[in-house]
Amino acid sequence: MSTLPVYRWRLAPDGYATRRQLRAVGLRPGGQDVAAQLERPRRRRGPLVAYLYRVDLAKPVRPMTPGRSAALAKANRARRTCPTCRRDAGYVIPASLGACVPCTDSN
């Protein structure tokens, strides 16, 4: 196993990008292995690490299909539905509450 090149924060060479940076330009890693990593030192804890991928090997983001869009809408609707009163709360129900605010307040 070879070791990854490590760069200081904001000093990575051109041609490398994080997942978020790839996504911002409409790309994805596309199955490639991590090519390098960034490290940002911190005072009292270990460094923050970000993995870098080669931009030239990245692939375009897959387009949203009607089936994927429907599945995403269904999942989001389930996150907004209160398990107690079965109503759409209009917001994502916090896991810490486990129910919508009116149901939580009534208990």
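**Terms and their grounds**

Q: What makes Arg 20 count as exposed or buried?
A: Arg 20 has a relative accessibility of 75% and therefore counts as exposed, since buried means under 20% relative accessible area, exposed over 50%, and partly exposed in between, with a 1.4 Å probe and protein chains only. Arg 20 is found in helix 1, residues 19–24, where helices (H or I, at least four residues) and strands (E, at least two) are DSSP runs numbered from the N terminus.

Q: What kind of model do these values come from, and which residues do they use?
A: This is a predicted model, in which local features need pLDDT of at least 70 and side-chain atom pairs count only at pLDDT 80 or more, while totals for chains, interfaces and linings use all residues. Residues are numbered from 1 along each chain as its sequence is written, and side-chain values use heavy atoms, with hydrogens and water left out.

Q: How many helices and strands are there in the chain, and in what order do the elements run?
A: The chain has 3 helices and 6 strands, and from the N terminus on its elements run β-β-α-β-β-β-β-α-α.

Q: Why is the chain called more spread out than a compact globule?
A: The radius of gyration of the chain is 21 Å, well over the 13 Å that the globule rule gives for 107 residues, so the chain is more spread out than a compact globule; the radius is taken over C-alpha atoms, and the rule is 2.2 Å times the number of residues to the power 0.38. Along its principal axes, the C-alpha trace spans about 55 × 45 × 25 Å, and of the 107 residues 17% count as buried. As one distance within the chain, Arg 20 and Thr 81 are 61 residues apart in sequence and 30 Å apart in space, C-alpha to C-alpha.

Q: How do you know that Asp 56 and Arg 54 form a salt bridge?
A: Their closest N and O atoms are 2.7 Å apart, and a salt bridge is a side-chain nitrogen of Lys or Arg within 4 Å of a carboxyl oxygen of Asp or Glu, so the pair qualifies. Side chains of opposite charge can pair when their charged atoms come close. Asp 56, at 55% relative accessibility, counts as exposed, whereas Arg 54, at 34%, is partly exposed.

Q: What makes Arg 80 and Asp 88 a salt bridge?
A: The closest N and O atoms of Arg 80 and Asp 88 are 3.2 Å apart, and the pair forms a salt bridge; the structure holds 2 salt bridges. Arg 80 is partly exposed, with a relative accessible area of 25%, and Asp 88 also counts as partly exposed, at 46%.

Q: Which residues have a positive phi although they are not glycine?
A: Arg 10 has a positive phi of about 70°, and Arg 86 has a positive phi of about 60°. Arg 10 lies in the loop between strand 1 (6–8) and strand 2 (16–17), and Arg 86 in the loop between helix 2 (66–80) and helix 3 (101–106). With a relative accessible area of 75%, Arg 10 is exposed, and Arg 86, at 63%, counts as exposed.
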